[in-house]
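Biologist: Before I rely on a model like this one, I would like to learn how to read its features one at a time. Could you take me through them?

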Amino acid sequence: MSDTRRRVKVYTLNEDRQWDDRGTGHVSSTFVERLKGTSLLVRAESDGSLLLESKISPNTAYQKQQDTLIVWSEADNYDLALSFQEKAGCDEIWEKICEVQGKDPALDITQDPIDESEEERTDEIPETSHLVELPPCELGRLEEIADLVTSVLSSPIRREKLALALMNEDYIKKLLGLFRVCEDLDNREGLHHLYEIVRGVLFLNKAALFEVMFSDDCIMDVVGCLEYDPALVQPKRHREFLTKTAKFKEVIPITDSELRQKIHQTYRVQYIQDIILPTPSLFEENFLSTLNSFLFFNKVEIVSMLQEDEKFLTEVFAQLTDEATDDSKRRELVNFVKEFCAFSQTLQPQNRDAFFKTLANLGILPALEIVMGMDDLQVRAAATDIFSYLVEFSPSMVREFVMQEPQQTDDDVLLINVVIKQMICDSDPELGGAVQLMGLLRTLIDPENMLASTNKTEKTEFLSFFYKYCMHVLTAPLLANTAHDKNSKELQEGSAKINPVCPDNFQTAQLLALILELLTFCVEHHTYHIKTYIMNKDLLRRVLVLMNSKHTFLALCALRFMRRIIGLKDEYYNRYIIKGNLFEPVINALLDNGTRYNLLNSAIIELFEFIKVEDIKSLIAHIVDNFYKALESIEYVQTFKGLKGRYEQEKDRQSQRLSSRYRRDARSMDEDEELWFNDDEDDDDGEPVEKRMEDDFSDSYGKYMEAKKGAANGANGANGGKTGIPPSSAAVSSNSSTSSLKAVSLPATPVVKTAVVGLVDYPDDEDDEEEDEEEEQTPRKRPRLSS
């Protein structure tokens with residue numbers, strides 16, 4: 001019995017004026033020799049460790065609140081609270097504190113707190129000012145009472161004295177009796193005075209007064225007094241709203257009368273704080289700190305009482321998932337669970353853990369899977385909020401549930417696919433819900449919050465699951481809006497910005513931008529899985545179609561996706577880009593942008609500047625060989641001349657190596673070159689790459705390069721050893737599907753020798769003659785890449 005009576009929670013007030021739970025234990029009051037005085041000790045019930053050791057100081061102001069709370073301050077900005085499980089335990093410790101300080105246990109505060117400014121003014125204040133005498137509670141004295149309440153707010157001492165006087169004389173209930181009389185007489189002047197009085201009493205910030213004012217007998221009269229603001233021509237109708245408009249819906253009957261009363265009280269007090277009282281910025285920050293604490297502890301108590309009622313929550317989830325439940329009933333159930341989760345945010349981390357584990361055990365995730373697929377927008381919105389609470393609490397719990405779902409033939413029934421579908425089908429023109437859901441998906445697929453220590457396979461298993469069952473659902477709108485258009489060749493040169501395969505609808509463009517943002521995140525964090533997906537689906541080519549969009553933000557998203565890929569400096573990606581000639585749409589966008597100095601221009605130039613600074617040799621060779629003629633007229637930045645310089649330097653190095661190699665042995669490979677080729681086959685990020693994909697890619701790429709080399713040699717023979725202009729299709733792979741973009745008319749350049757970093761010159765190449773021929777064909781203005 002004594003253990004239960006002495007069971008407490010220890011709270012401390014943090015910098016944000018929120019109570020932090022320090023643990024649960026049992027309190028005792030004993031003499032501590034080291035502290036030389038009687039102290040409050042709280043030992044944790046879990047391991048017996050010391051949670052609190054606080055000497056009862058004779059000068060510390062202790063406050064008893066709500067019959068089960070004792071609050072005090074030990075130092076500047078360090079407040080403590082003990083929340084007792086039983087009133088009897090609180091009374092017992094309170095009596096011990098009062099005994100040490102020589103105070104009457106009947107009081108709810110043991111000291112008058114005096115700040116430094118008050119101490120400095122003590123000598124200047126007449127003795128009578130410490131004694132607050134309340135005028136008789138009569139209609140004719142309301143103005144005098146209002147002036148008194150208003151005048152004490154600036155003095156902590158007088159606030160304490162007034163609060164004691166109001167409690168001792170049961171003055172609050174007498175004032176509320178006068179309110180009813182004034183309202184019956186329509187005495188507006190008296191009602192205005194009562195508004196000032198009640199608001200001032202609230203700003204006294206005393207829990208004991210709140211207990212009286214927010215009791216069932218008094219709270220509606222308190223709300224009534226606050227309706228008659230003198231600044232308003234007509235009084236507000238707050239009571240009408242609380243009693244008629246705001247309906248208390250019991251989705252499942254609550255049998256505990258104490259719980260029901262606590263819910264009513266909390267709702268009404270929250271209404272007073274949020275709706276009736278002025279915004280806190282108009283007053284001192286701490287004027288209503290006790291009111292915040294009052295609401296905080298009420299919410300903690302409500303969540304605890306509901307959580308302990310297993311029958312109630314079991315019934316809630318049973319009805320929520322029952323197919324026989326009608327839509328209106330299900331809507332009320334979902335809204336209840338949403339409010340329940342919102343209240344849980346007041347709990348401390350360990351208590352919140354227990355709360356969400358309870359919900360998980362009751363089947364919250366299967367229930368969400370059902371309600372998120374419903375047609376009712378309100379239900380879906382509430383379900384999304386609940387899902388966000390769960391993901392923020394424990395992404396691993398959601399991932400575990402998803403992977404345990406039975407793999408049905410229709411992937412659309414999987415929870416993540418339901419979330420993706422809801423994101424794609426968001427009817428809001430601003431896509432507010434889609435943005436929220438995209439953030440949740442990003443959290444779920446983020447390897448940083450996957451528990452490598454407890455479950456080493458979570459990352460591998462979940463990402464494999466996601467790319468197998470969910471990625472095709474996420475990319476479906478992107479692939480549908482960038483489908484190959486057979487008639488694109490018929491488009492005139494000036495019609496690039498109205499390409500029919502690009503979404504002109506602003507909402508669709510926003511959705512594609514969200515999807516691209518998520519895919520860009522995947523490129524950065526899912527090295528192997530996203531690489532395989534991009535290459536198998538030729539995804540980058542489809543994304544770059546969006547460079548033609550009239551919505552610049554969407555073109556920038558597509559460019560950012562490519563920039564992240566190049567930023568990895570992965571040679572597999574580089575070969576894929578070269579083989580597909582995927583710089584063409586980017587350069588077309590730069591040329592279409594003309595001389596405009598805007599974000600698109602800067603972003604494209606930054607992409608090439610990165611390639612130059614990082615000296616990505618294979619890409620530099622590809623760009624200079626195929627596009628330098630179109631880019632050399634851009635002289636307001638030195639980026640493209642710098643690329644050409646890098647290219648020439650590498651070419652000279654390769655020529656020196658080649659001649660050195662032939663001097664040694666025409667058939668032996670230079671040691672450094674051999675090492676480079678060996679190193680090149682290693683994946684930059686260290687993760688294994690699927691061998692089948694690597695072999696297929698290497699074989700097809702080798703055949704492609706052999707064909708190119710043969711064509712080049714043939715052209716050289718036909719032209720008497722001079723390098724001719726290759727056909728425009730030579731720079732595009734045989735399986736390229738870029739007919740929706742502008743075809744490239746290649747300038748006179750040497751044939752691309754290889755896609756890897758090493759540039760190997762063949763003996764029959766005459767570079768000087770090629771350069772002379774290029775100079776003769778240089779156009780006078782910036783060319784477009786066109787056929």
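Modeller: Let us begin with the overall inventory: the secondary structure of this chain comes to 34 helices and 7 strands, and the model is a predicted one. Of the 787 residues in the chain, 50% are buried, while the accessible surface comes to about 38100 Å², with 48% of that area belonging to carbon and sulfur atoms.

Biologist: What is the average pLDDT of the chain, and what share of the residues score at least 70?

Modeller: The average is 78, and 75% of the residues score at least 70. Over residues 485–501, however, the pLDDT is below 50, although the model gives this stretch 23 contacts beyond near neighbours in sequence. Residues 680–698 also stay under 50, and for them the model has 32 contacts beyond four places in sequence.

Biologist: Turning to the strands, which partners does β3 pair with, and in what sense?

Modeller: As a general idea, side chains in a regular strand alternate between the two faces of the sheet. In this structure, strand β2 (residues 19–32) is joined to β3 by 8 bridges, and the two run antiparallel, with Phe 31 standing opposite Thr 38 in β3. On its other pairing, β3 meets strand β4 (residues 50–55) in the antiparallel sense over 5 bridges, and here Ser 39 stands opposite Lys 55 in β4.

Biologist: Is β3 (residues 37–44) mostly covered or mostly open?

Modeller: Strand β3 is mostly covered, since 7 of its 8 residues are buried, which means that each of those falls under 20% relative accessible area.

Biologist: How should I read a positive phi, and where does one occur in the hairpins and loops?

Modeller: The general idea is that most residues other than glycine have a negative phi. In the hairpin of β2 and β3, with 4 residues between the strands, Lys 36 takes a positive phi near 55 degrees; in the hairpin of β3 and β4, which has 5 residues between the strands, Gly 48 in the turn has a positive phi of about 75 degrees. Lys 569, with a phi near 55 degrees, lies in the loop between α26 (552–567) and α27 (571–579), and Lys 569 counts as partly exposed because its relative accessibility is 36%.

Biologist: How many salt bridges does a search of the whole structure find, and which parts does the pair of Asp 91 and Lys 64 tie together?

Modeller: The search finds 32 salt bridges. Asp 91 forms one with Lys 64, the closest N and O atoms being 3.2 Å apart; Asp 91 lies in helix α2 (residues 87–101) and Lys 64 in strand β5 (residues 62–65), so the pair ties together parts that are 27 residues apart in sequence. Both Asp 91 and Lys 64 are buried, and together with Lys 87 they are linked in a network of salt bridges.

Biologist: Which residues make the nonpolar surface patch of about 250 Å²?

Modeller: That patch is made by Leu 139, Val 181 and Leu 185. Leu 139 is found in the loop between α3 (116–121) and α4 (142–152), and Leu 139 counts as partly exposed because its relative accessibility is 35%.

Definitions and conventions
Residues are numbered from 1 along each chain as its sequence is written. This is a predicted model: local features need pLDDT of at least 70, side-chain atom pairs count only at pLDDT 80 or more; totals for chains, interfaces and linings use all residues. Side-chain values use heavy atoms; hydrogens and water are left out. Buried means under 20% relative accessible area, exposed over 50%, partly exposed in between (1.4 Å probe, protein chains only). Patches are made of residues with over 30% relative accessible area and no salt bridge: like charges are joined within 9 Å, nonpolar side chains (Val, Leu, Ile, Met, Phe, Trp, Tyr) within 5 Å. Accessible areas come from the Shrake-Rupley method with a 1.4 Å probe; for residues, only the protein chains shown count as cover. A salt bridge is a side-chain nitrogen of Lys or Arg within 4 Å of a carboxyl oxygen of Asp or Glu. pLDDT is the predictor's confidence in each residue, from 0 to 100. Contact means heavy atoms within 4.5 Å. Two strands pair if DSSP finds at least two bridges between them.
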